[in-house]
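Colleague: I have this model open and want to know what stands behind the labels. Can we go through them one by one?

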Amino acid sequence: MLKPADLAAIRAIITRAKRWDLFFSLLGILSLMVGVLTFTVLFVDMAIQGVPRLSMDFFTSFPSRRAEHAGILSAWVGTVLVMLVTALSAVPLGVAAGVYLEEYAPKNWITDIIEINISNLAGIPSIVYGLLALGLFVYYFGFGQSVLSAGLTLALLILPVIIVATREAIRAIPQSIHEGSYACGATTWQTVSDHILPYSSAGILTGVIIGMARAIGETAPIITIGALTFIAFLPTAPFSGDPPAGLFDWIFAPFTVMPIQMFNWTSRPEAAFSINAAAAGFVLVFMTLAMNGLAIYVRYRLRKNIKW
Amino acid sequence: MQIQTGLEAGVEGALLKADVRDLDFYYGAFHALKRVSMPIYDHRVTALIGPSGCGKSTLLRCFNRMHDLYPGNRYAGGGIVLYPDDTNLLAPGVDPIEVRMRISMVFQKPNPFPKSIYENVAYSLRVRGMSNKNELDDRVESALKGAALWNEVSNRLKELGANLSGGQQQRLCIARALASDPEIILFDEPTSALDPIATASIEELITELKEKVTILIVTHNMQQAARISDFTGYMYLGEMVEFGVTDQIFIKPQKKATEDYITGRFG
């Protein structure tokens with residue numbers, strides 16, 4: 001028989017125990033705020049400075065010695081072209097490597113070593129990739145200080161991200177689906193192309209875009225391979241030259257990218273250039289957010305039809 | 001182990017479809033099947049019963065070489081001979097994909113692919129290279145009819161398989177297994193994730209299916225084995241303790257161990 005005193009005691013215990021819930025949720029909110037608020041303050045500050053500077057001219061003008069005439073045309077075009085090369089090279093390589101490791105690789109110590117090294121690659125400072133690329137792409141392969149070199153460098157940088165994302169996405173597919181495919185008499189390749197890739201594409205794409213969002217802001221490796229900080233012409237538009245050789249003129253063109261343009265402007269003494277830098281920063285953050293937004297949308301669309 | 005007497009009556013008129021002979025199987029160092037032998041009769045339902053971990057699913061998954069998908073698994077002796085062509089399914093020279101084309105499987109938990117109902121059934125035909133639309137349509141329809149699902153889904157073949165109820169999903173998986181016209185269908189506890197009504201419909205379906213195909217079913221439900229199977233094998237600790245005609249196994253088992261399990265004194 002429960003006595004009123006016992007009930008009071010139980011309630012006291014619950015109240016005391018719940019203090020920890022309160023304490024932890026406050027701590028959690030505080031930690032969250034540190035991240036969110038810092039970003040918000042930075043972003044708002046940049047927006048206040050930079051947004052008034054944004055105009056059509058800003059996007060269609062080359063950099064200039066005079067801050068009010070300077071624009072980001074060569075920078076954003078360079079960024080788009082470099083990202084194109086990065087995506088076209090990193091996605092097939094990364095997805096293929098991830099699929100191989102999950103579906104084909106024999107489970108032995110060599111595979112283990114490769115797996116450990118891929119995780120380690122993700123942690124290598126980007127400047128090291130820049131040095132590697134300077135030696136390998138710029139000089140050894142003779143690609144020069146071009147869109148191609150930069151794109152491949154950033155591709156190397158985000159390759160581990162894509163491989164890991166691919167593997168995670170594949171592992172999220174239930175074993176029963178896997179076995180179901182094999183039980184139908186499918187080969188490994190049929191299983192991969194008919195089931196594994198379609199069902200993991202949402203996760204893979206998320207990883208790809210997270211990687212791209214990282215690559216778009218990278219400055220160090222691009223500077224290392226010798227991207228120009230001041231450039232007043234555009235590469236030929238992709239696939240517009242005389243075929244066949246002319247089609248790829250753009251990948252060997254000199255270029256600059258958004259973060260380098262920003263870096264260039266912030267290092268100028270005139271205040272007007274730091275406003276330009278803020279405006280360019282706003283555009284860059286916007287590009288990144290747009291990519292993340294796209295990732296969320298695409299993931300939602302692809303997952304809608306996938307239920308286990 | 002030797003096949004028990006009294007089998008002859010049940011076997012009458014039945015051809016041998018497959019024969020497990022002194023099969024040994026290892027998961028790494030674990031000896032999971034120990035010199036297991038049993039016959040599988042054509043167009044009959046054979047049930048495997050026994051407590052958890054006795055090796056009944058392991059034995060079932062030898063039939064379509066599912067163990068080949070994972071490292072460390074080893075067929076260590078004996079074999080499974082499939083008739084009429086005398087192929088040893090476990091022989092190193094036999095391609096597991098060829099085996100899976102001849103012997104299909106229905107799993108414990110319904111595992112439809114996240115594709116349409118139609119594509120789920122068509123998949124086992126597509127891997128066999130069938131691409132003619134009319135032919136596929138016909139085969140999908142007859143497989144769905146064979147799995148007693150056609151009436152429920154004929155007007156929504158484009159919908160996702162996952163939108164069906166659990167029992168319907170399992171019948172969809174049966175249709176998928178049936179579509180390729182296999183010689184044997186393996187059922188690995190096919191009703192353990194289903195409610196009693198869905199279970200009854202699957203059991204009814206299995207008894208009908210033996211007109212078309214040979215069936216090997218693992219079940220942890222002894223009543224189910226008694227209801228639907230013609231032959232039953234009782235396994236314990238990786239060994240085939242007793243194999244015989246189902247009625248005989250349940251009414252008058254030859255071995256004390258079988259009797260203890262059947263009567264619920266053990267297991």
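Colleague: What makes β2, β1, β4 and β5 of chain B a sheet, and in which order do they stand?

Modeller: The four strands form an open sheet in the order β2-β1-β4-β5 of chain B, with antiparallel pairing. Two strands pair if DSSP finds at least two bridges between them. Strands are DSSP runs of E with at least two residues, helices are runs of H or I with at least four, and both are numbered from the N terminus. This is a predicted model: local features need pLDDT of at least 70, side-chain atom pairs count only at pLDDT 80 or more, and totals for chains, interfaces and linings use all residues. Residues are numbered from 1 along each chain as its sequence is written, while chains are lettered from A and ligands numbered from 1 in the order in which they are written.

Colleague: Why are β2(B) and β5(B) said to stand at the edges?

Modeller: β2 (30–41) and β5 (87–88) of chain B each have a single partner strand, so one side of each has no neighbour in the sheet.

Colleague: How do you know that β4(B) is joined to β5(B)?

Modeller: Two bridges join β4 (residues 73–82) of chain B to β5(B). The definition asks for at least two, so the strands pair. They run antiparallel, and Leu82(B) stands opposite Thr87(B).

Colleague: What does helix α2 of chain B touch in the sheet?

Modeller: Helix α2 (residues 56–63) of chain B packs on β1 (16–27), β2 and β4 of chain B. Its direction makes about 65° with that of β2(B). Angles run from 0 to 180 degrees between N-to-C directions, and axes are lines fitted to C-alpha atoms, for helices over the stretch in contact.

Colleague: Now chain A. Why is α5(A) called oblique to α6(A)?

Modeller: Helix α5 (residues 126–140) and helix α6 (residues 147–171) of chain A pack at about 135°, with axes 9 Å apart. Under 35 degrees is roughly parallel, over 145 roughly antiparallel, 65 to 115 roughly perpendicular, and the rest oblique. That makes α5(A) oblique to α6(A).

Colleague: Which residues make that contact?

Modeller: Among them are Tyr129(A) and Phe137(A) of α5(A), and Leu152(A) and Leu156(A) of α6(A). Contact means C-beta atoms, placed from the backbone, within 7 Å.

Colleague: How many residues of chain A are in contact with chain B?

Modeller: 18 residues of chain A are in contact with 21 residues of chain B. α7(A) gives the most to the chain A side, with six residues.

Definitions and conventions:
Contact = placed C-beta atoms within 7 Å.
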